[in-house]
Amino acid sequence: MTEHYDVAIIGGGSAGLAALKQLANLGKQAVLIEAGKQVGSKNVSGGILYSKRPKRGSTHNVEDVYENFLSEAPVERKITKYILHAVSKDKEFAIDLTSAHEYQANFAYSVLLNRLNGWFAKQAGEAAEKQGGGIVSGVHVRSITLNDEKTIIETDEIEPFEVKAVIAADGVNSEIAQLTGARPKFTPAQLYQGVKVVVKLPEEIIEQRFGIGPDEGAAHLFSGDITLNHIGGGFLYTNHDTLSVGAVYHYDSLLGRPAEPYTLIDALLKNPMVSEFIKDEVAVKQEIDKSLPKEEQLRIRFAVSKLVKTWNELRDAHYSPAARRKLVEAGKYKSEDEIKARLDSIRNELQTKYATRFVTDYVELEYSAKLVPDGKRCMMKKPYHKNVLFIGDAAGRGVFIGPRIEGINVGIDDAVRAANSVARAIDRNDFSTLGEHYTQQVEESPFTRDMREIDKDYLKTFLDAAKDVPKDIVGQRYGMIFRLMSSGTFRGLAVGFANILGYDKLLPMVESEETYVQVPIEIAERLGQTVTATYTPTIPGVAERIARLKYDDDRQPHIKVLDPESEFMKKLVMLCPTSCYSLEAGKVMLQHEACIECGTCAKETEWRHPRGEKGVIFQYG
Amino acid sequence: MGVTGSAMKELNLAVIVKLEPDFSEGNVSYNADGTLNRAETKSILGPHSAIACSAAFYAKVKYGARISVGTMGPPIADAALAQAQQICDADELHLYSDRLFAGADTWATAETLRAGIAKMQGKMDIVFSGHRASDGETGQTGPQTALKLGYTFLGHVIDYEVDMDRRVVRAKRLITLQGFYDVIEEVEAPLPVFIAIDPSYKPSFNTVSQRLAYEKYQKEAKARVANYKQYLKVFNAQQLEVDPKMVGLPGSPTIVYKVEKIPKAKASRKTEVIDGSNRAELRRVAIKIHEVLGGMVIK
Ligand SMILES: Cc1cc2nc3c(=O)[nH]c(=O)nc-3n(C[C@H](O)[C@H](O)[C@H](O)COP(=O)(O)OP(=O)(O)OC[C@H]3O[C@@H](n4cnc5c(N)ncnc54)[C@H](O)[C@@H]3O)c2cc1C
Ligand code: SF4
């Protein structure tokens with residue numbers, strides 16, 4: 001007997017979860033199917049979550065969907081400082097873009113998706129349960145049958161079930177889009193490859209180093225040679241006691257000049273400014289004297305490991321007011337001074353007894369990658385197929401303009417619009433106009449406008465912030481356009497012209513190596529200060545990065561190479577962030593075990609997400 | 001949907017569990033005479049009991065059953081009951097604890113459990129037990145309790161379903177004919193039954209409603225375990241209304257006369273501890289392996 005539910009939501013990223021919560025808010029029954037064992041284990045972001053307040057129209061913000069968001073959500077830090085650095089080797093020139101960041105924004109928080117989506121899931125799941133629905137995780141949707149009469153969802157793990165409507169929130173590498181034929185796969189020109197590492201850094205050190213108060217956060221953006229001359233840019237966001245450091249690279253640019261993602265991110269980490277941002281004190285154990293008796297060697301090994309572990313944990317607590325208080329309240333230490341004294345004594349013991357060295361280096365916790373859809377180039381014009389509505393990354397929707405990367409908030413806005421349309425169809429018991437109604441709702445979204453045309457007011461805040469940059473650097477390259485744009489009188493006119501031209505004509509001119517690389521390099525060279533590195537970071541190799549990730553191995557590969565001799569696939573040998581491809585006798589071979597499901601190889605493969613619970617399990621995201 | 005409507009009579013399930021010494025991670029400790037030192041050995045819910053709990057949980061998810069868990073043991077056994085509640089979201093926890101129960105063999109234990117099951121809320125439709133305990137090979141407790149309850153006994157069950165309309169259980173039993181082959185026998189029995197779960201049992205939840213119910217009850221279990229004492233009832237012999245001559249040592253026809261330690265054979269292998277961080281050492285190991293493999297013919 002087939003089970004029936006009103007709505008199926010496929011994919012439990014921030015978009016799908018918001019759809020579930022909104023449907024529950026409207027009293028509708030929905031089940032969300034997520035492939036990862038735990039919600040949040042498959043999602044990757046930069047990431048800054050915005051709440052917006054546009055002048056024209058309105059957006060559905062995260063706090064509208066989750067009424068307790070501001071008081072309870074596990075966000076990292078409220079971003080109060082937003083700086084763009086033009087970089088050339090060891091030179092950098094900073095432009096304070098805080099006003100552009102605050103443009104039409106209620107607030108913005110740095111977030112780590114594993115934690116945040118886990119919290120969203122708790123809220124949405126509990127609300128959905130009350131309507132007879134909920135979240136089913138660890139299940140991978142394999143196919144959808146769409147008859148005139150029936151919509152049946154089939155999965156790898158559980159029995160098929162029937163629904164009235166589907167919300168596809170299965171991310172940038174949407175299988176549902178392929179299964180339904182709703183859109184072709186995105187092309188490299190429409191995508192960026194995002195690569196990120198999470199770096200550990202104690203709470204109060206972050207605050208001192210970035211000049212921020214408790215709970216405040218800073219965002220630093222980088223452009224110039226830091227991308228090894230690829231179109232794209234780097235970012236560093238402060239979290240509570242970690243940093244998110246990463247970059248996005250235009251996929252077309254990467255195909256033109258293939259480079260390993262880890263080489264790219266290593267270039268970012270090695271840049272003196274970035275390496276100074278991420279540096280920390282690290283204990284380095286002394287090699288054990290091999291002439292000692294075996295038992296003595298073992299004893300030393302265990303003693304040192306234990307001391308180093310205690311030192312690390314206590315040090316984190318020492319730099320965290322809340323943790324310090326907790327230790328004292330629990331009676332483990334009499335005072336905060338005693339914590340410091342103990343910390344110093346452990347350090348001293350390690351140094352004197354075991355010759356442990358304390359050096360400057362950085363601590364990497366997680367390496368991740370994911371494709372980012374550039375909404376300007378790839379948002380679906382018709383984001384539905386029959387009664388299947390596409391939202392978030394699956395619909396190719398994201399605002400990607402200059403330093404702005406916004407996908408989480410856009411997906412949440414889409415989710416509310418899709419949920420509202422579905423609820424309306426259920427109330428009328430008429431799904432015949434569901435798709436068109438949703439398309440209309442999406443058309444009204446201010447984000448859709450941002451993906452279509454230039455906002456001259458945003459441009460003004462941007463240009464005002466960059467007013468210290470001599471006009472000739474930019475001017476000699478863009479001449480007329482730039483002079484028009486910079487002038488208050490003519491800006492409207494110029495933007496008007498640009499918008500008539502449309503993004504598709506404009507983008508190749510603006511999103512070029514010139515803009516992203518050459519101009520920043522010139523700015524840095526002419527105006528920048530020199531940053532001197534005080535150390536060289538010890539960067540883990542790709543094998544070590546993979547070894548630190550968690551996986552639930554699936555023996556059955558989820559990706560099938562179609563043509564092992566294609567030129568595209570050969571480039572994947574370099575472009576796969578975890579080196580899953582190798583070239584053997586002119587043929588590309590796949591070893592899927594280390595795959596982190598970024599989607600970079602999706603274009604010319606039969607690409608699926610791993611079966612339920614299988615594959616990579618991100619701890620931070 | 002999977003969860004059967006309230007029109008039908010609810011299922012009442014009991015699970016009888018056992019607190020067992022934790023044989024893992026070097027948690028066991030022995031007395032000088034070679035017997036188990038129970039006072040010093042850390043105790044946990046026995047692995048077979050845990051499987052029995054998950055079998056009961058299956059019916060809770062699938063049919064919305066009520067679950068009572070009972071065990072006989074010292075007051076500290078309530079920790080094992082909390083572990084059991086975590087697995088099966090038990091609605092009721094019973095601990096049968098009395099000095100009078102000490103020294104019980106399986107027959108006397110069965111008497112205590114029978115009396116305990118009678119005290120559980122509602123009449124039990126299915127009683128689950130683990131395959132056997134890992135510390136005493138006391139596989140008889142289950143069948144003996146079934147006998148005393150007058151329930152049909154189904155052993156080695158690897159899968160079961162309940163037909164709620166007809167109130168019968170259909171079960172698959174794994175029968176190992178030593179030296180021959182394994183047989184899966186399908187049996188049907190009217191409720192009430194006593195099910196001893198086979199260690200290979202693994203529940204599978206394969207519809208959306210079961211998955212949702214699973215999540216819901218798991219969450220509920222977590223919340224319940226946080227204050228499990230609220231669900232706990234402790235009974236002494238008097239409260240259980242058992243005949244003191246039928247329980248504990250007086251009620252035990254079996255006498256353990258002597259436990260023989262099996263002498264350890266002297267190992268013929270030579271061990272050597274290698275420091276895994278030392279390259280030279282590792283190289284020496286590699287050479288050794290090479291030598292050994294060199295003498296082997298690999299087909
Ligand atoms: C490096 C980087 C930096 C970024 N920075 C920012 C930023 O600062 N701010 C911002 O707003 N956005 C940023 N983004 C974009 C943002 O992260 C994404 O837009 C957003 O996370 C997408 O959410 P989603 O719910 O649409 O998709 P996803 O998070 O990809 O979720 C899709 C889910 O569907 C599941 N799924 C897929 N297929 C199936 C199936 N067949 N069956 C069951 N489940 C399935 C997956 O397991 C996954 O959990 C960044 C992205 C990257 C990569
Ligand atoms: S195999 Fe493909 S999807 Fe997996 S990590 Fe490599 S490029 Fe990304």
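Analyst: Let us begin with one residue. At a relative accessible area of 11%, Lys376(A) counts as buried. This is a predicted model.

User: Which parts of the chain does the salt bridge of Arg315(A) and Asp280(A) link?

Analyst: Arg315(A) and Asp280(A) meet through their side chains, with an N to O distance of 2.6 Å. The pair links distant parts of the chain: Arg315(A) belongs to helix α11 of chain A and Asp280(A) to strand β15 (residues 280-284), 35 residues apart. Arg315(A) counts as buried because its relative accessible area, 4%, is under 20%. Asp280(A) is buried as well, with 7%.

User: Where do Lys353(A) and Glu349(A) lie?

Analyst: Both lie in helix α13 (residues 336-354) of chain A, four residues apart, which is about one turn of the helix. Lys353(A) is exposed, at 57% relative accessible area, whereas Glu349(A) is partly exposed, at 26%.

User: Which residues of chain B are linked in a network of salt bridges?

Analyst: The network joins Lys60(B), Asp89(B), Asp91(B), Glu220(B) and Arg224(B).

User: How is an interface between chains described?

Analyst: The size of an interface is often given as the accessible area lost when the parts come together. Between chain A and chain B, the buried area is about 1600 Å², and carbon and sulfur atoms give 53% of that area. In this interface 24 residues of chain A are in contact with 17 residues of chain B.

User: How many salt bridges does the rule find across the interface of chain A and chain B?

Analyst: The rule finds two. Lys294(A) forms a salt bridge with Glu281(B), with the closest N and O atoms 3.7 Å apart. On the side of chain A that touches chain B, the elements giving two or more residues are β1 (3-10), α5 (113-129), β7 (134-137) and α11 (294-318). The residues of that side divide into nine nonpolar, seven polar and eight charged.

User: Which residues come nearest to ligand 2?

Analyst: Of the 15 residues around ligand 2, the nearest are Cys576(A), Cys595(A), Cys598(A), Gly599(A) and Cys601(A). The shell has eleven nonpolar, three polar and one charged residues.

Key:
Residues are numbered from 1 along each chain as its sequence is written. Chains are lettered from A and ligands numbered from 1 in the order in which they are written. This is a predicted model: local features need pLDDT of at least 70, side-chain atom pairs count only at pLDDT 80 or more; totals for chains, interfaces and linings use all residues. Side-chain values use heavy atoms; hydrogens and water are left out. Contact means heavy atoms within 4.5 Å. Buried area is the accessible area (1.4 Å probe) that two parts lose on being put together, summed over both. A salt bridge is a side-chain nitrogen of Lys or Arg within 4 Å of a carboxyl oxygen of Asp or Glu. Ala, Val, Leu, Ile, Met, Phe, Trp, Tyr, Cys and Pro count as nonpolar, Asp, Glu, Lys and Arg as charged, and the others, Gly among them, as polar. A residue is near a molecule or strand if one of its heavy atoms lies within 4 Å of it. Buried means under 20% relative accessible area, exposed over 50%, partly exposed in between (1.4 Å probe, protein chains only).
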